[in-house]
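Please look over the sequence and the model below before reading on. The report then walks through both chains.

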Amino acid sequence: MAQIIIKNLRKEFGDFTAVRESSFTIEDGEFFMLLGPSGCGKTTTLRMIAGLELPTSGEIYLDGEEISQRPPSQRDIAFVFQMFALYPHMNVRKNLSYPLVSQGMARAAVKAKVEEVAGILGITDILNKPVGGLSGGDRQRVALGRAIVRDPKAFMMDEPLGALDAEFREHMSEELRALHDRMGATTVYVTHDQLEAMQMGDKIVVMNNAVVEQFGTPQEIYDKPASMFVADFIGSPSMNFLRFDGSVAKGAQTVDLNGQPMTVPRQIDGASGKLVFGVRPEHVRLSDAGAYRGEVLATEYLGTTQIITLETPDGDLKARVPAGQMATVGEKIGLDFRPDTITLFDETSGRALRSELNEGVLAHG
Amino acid sequence: MSSFSVTEPSQRSKWFAGTLVILYALITMVPLAWIMLTGFKTPPDSISYPPKVFFEPSLEGYVNLFTTRTRIGQEALDALPPPDTWYEEIVRERDMVIAGPSKFGERFLNSVIIGFGSTFLSIVLGTLAAYAFSRFKIPLADDLLFFILSTRMMPPIAVAIPIFLMYRQLGLSDTHLGMILLYTAVNISLAVWLLKGFIDEIPREYEEAALIDGYTRFQAFYKVVLPQAATGIASTAIFCLIFAWNEYAFAVLLTSGTAQTAPPFIPTIIGVGGLDWPAVAAGATIFLLPVMIFTVALRKHLLRGITFGAVRK
């Protein structure tokens, strides 16, 4: 059980920078998600924590101890690989025993511990089978078992559900979360699937292009995105961006969008130039009273809700509205945005402008 | 099964393929069978014309292979007590007595030491080098690999003279160590390239899992990578052994006594009145055995080795 602090971590492979000055803290017992598109540096970060890569610079503290240059065997961190990486020439029992044998644990103790873990994971009946013939789910359980068997300080998981089919994935993700809650061990989990991250994580780090974009709880990340990248990456459909040229004054509570004043959370800093008005689809309401209007381009029926795509003077926009609401293609509809959810971005830097909505959250980034 | 199938060959094409394979097997096996048969002929039978396919088997060739004999006069022969052993009897029939054992045993042992020794060394060095090339970022790795391969771009015998002189200077001529080093040097490029291919196919995650599980890099290598590479190691070992075992030119050039291997020795088995063909054939037959046994023992690995990488899992 441990707290992990990442400080100014950097990794270069030749000319390529995989991770650029990342800093964040993983609290003891947290289920922590490293989220980002492929190639963003999340797996490299995970591998540096585990010791499979050595950082170019920066520090990693595990329970207050600096471990960034130690070999993996001296870190007491377990790792679950995407492709499971079960030792193919050993059966399940041997796979589970292997980490214990390396510590020189007595044979009887190893046996007892393996049985205990197998019991937790429900794989007692396959202990003596070779790993070759196991189903994906059983392999996943064995891989987890190999990780938890030696009670490590923390677990690293590199897209552990990536190799499973969609149906089974959901089941395993619940199982995984339940296992975590039961053991309470610090877990760092890499995924590119924003839904998985939102569902399972206590905290999320969103990475892009070797940089930590934002770090916070799923709610913070979703409601108060620190950058256009985060706003776009999280949520489906993602946040709408209405681009406009204009300015906001310090302390302002409205911005002019195509001549219409829109209420926004009180801005802390002023800005001008190319700005972006960000609103989530579910915070768009269709209202005949709205002075800001858009033309319906398409509707997408989803059962309880529907997604309506509209063309507005500032770009296309998607709205998630109750399925019963009528909208026909070609119709011009007035739009209304929930004012307290709006985030303004500076388009050039891609960063969110500070407002009373996201104040405090951005300080992490 | 339907009467027509895309994947299952028809009965006729199966017959055709079978016949072709049997024909090919016959063509390659007839000389081998002939050698083996010749080993059981008497010297006159072995050179009779037309060649005898049916003959009375004799162990004379094998006896001659393992012994040296002297011809003695009829009187001296009559004076001797009757032979105690079956092989002495065979020799007496030719008016000779056994003078002592031949050098074949020693030469054969030399072949075993040098052949298996160099194979072992090639595999050990080759596996370590291949692992390093496969897993670590080595500066100029591609150039180094090409350099290693380039040692095979001319026939080894092209450097026979420099090697001969070098070995004489270093005192390696006609020594086991010298021959082992030479065959290892020739085989190592093959070993590195073959094994690198095999090790490249083993996912790194296995070793990384072992590192995480508390093992050192070297423990991870021999406990996790080596068992995975067993197939590749076995097939590479067969190729290395076959080369070292059959090598003739350098053996003739660099060995004459202590470290002489069987290939240069066998053709020198001279009988009375010319080459002793049955003895030569017997020597060749015995010489074939170790490689045959080795290959048969590892044949599952070999088959898998040859087709390795053809199909991605």
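This is a predicted model: local features need pLDDT of at least 70, side-chain atom pairs count only at pLDDT 80 or more; totals for chains, interfaces and linings use all residues.

Residues are numbered from 1 along each chain as its sequence is written, while chains are lettered from A and ligands numbered from 1 in the order in which they are written.

## Chain A as a whole

Chain A has eight helices and 20 strands. Helices (H or I, at least four residues) and strands (E, at least two) are DSSP runs, numbered from the N terminus. Along the principal axes, the C-alpha atoms of chain A fill a box of roughly 75 × 45 × 35 Å. Chain A has 365 residues, and 43% of them count as buried. A residue is buried if 20 or more other C-beta atoms lie within 10 Å of its own, exposed if 12 or fewer, and partly exposed in between; the C-beta atoms are placed from the backbone.

Take the contacts in chain A between residues at least 6 apart in sequence: 67% join residues at least 24 apart. Two residues are in contact if their C-beta atoms, placed from the backbone, lie within 7 Å.

## Where the chains meet

The contact takes 16 residues from chain A and 14 residues from chain B. On the side of chain A that touches chain B, strand E6 (77-80) and helix H2 (92-101) of chain A are the elements that give two or more residues. The residues on this side divide into 12 nonpolar, four polar and no charged. Here Ala, Val, Leu, Ile, Met, Phe, Trp, Tyr, Cys and Pro count as nonpolar, Asp, Glu, Lys and Arg as charged, and the others, Gly among them, as polar.

## A sheet in chain A

Strands of a sheet pair through backbone hydrogen bonds, either parallel or antiparallel. One open sheet of chain A has three strands in the order E11-E14-E20, with antiparallel pairing. Strand E11 (240-248) and strand E20 (343-346) of chain A are the edge strands, each pairing on one side only. Neighbouring strands of this sheet are turned by 35° against each other on average, direction ignored. Nine bridges link E11(A) with strand E14 (residues 271-279) of chain A in the antiparallel sense. Two strands pair if DSSP finds at least two bridges between them. A:Asn240 stands opposite A:Val279 in E14(A).

## One residue and its neighbours

A:Met198 is found in helix H6 (residues 194-200) of chain A. A:Met198 is partly exposed, because 17 other C-beta atoms lie within 10 Å. Which residues does A:Met198 touch, not counting those up to four places away in sequence? They are A:Pro218 and A:Tyr222. A:Met198 and A:Pro218 are 20 residues apart in sequence and 5.5 Å apart in space, C-alpha to C-alpha.

## Backbone exceptions

Most residues other than glycine have a negative phi, and most peptide bonds are trans. The table lists some exceptions.

| Residue(s) | Feature | Value |
|---|---|---|
| A:Ser236 and A:Pro237 | cis peptide bond | omega about -5° |
| B:Tyr49 and B:Pro50 | cis peptide bond | omega about -5° |
| A:Glu159 | positive phi, not a glycine | phi about 40° |
| A:Asn209 | positive phi, not a glycine | phi about 50° |

A:Pro237 is in the loop between helix H8 (228-233) and E11 of chain A. B:Pro50 lies in the loop between helix H2 (43-46) and helix H3 (60-66) of chain B.

A:Glu159 is found in the loop between strand E7 (154-158) and helix H5 (166-183) of chain A. Is A:Glu159 buried or exposed? A:Glu159 is buried, because 21 other C-beta atoms lie within 10 Å. A:Asn209 lies in the loop between strand E9 (203-208) and strand E10 (211-216) of chain A. A:Asn209 counts as partly exposed, with 13 C-beta neighbours inside 10 Å.

## A strand pair in chain B

Strand E1 (residues 67-71) of chain B runs antiparallel to E2(B), joined by five bridges. B:Thr67 has B:Pro101 as its bridge partner in E2(B). Strand E2 (residues 96-101) of chain B is hardly covered: the count of buried residues among its six residues is zero.

Note on methods. Axes are lines fitted to C-alpha atoms, for helices over the stretch in contact, and angles run from 0 to 180 degrees between N-to-C directions.
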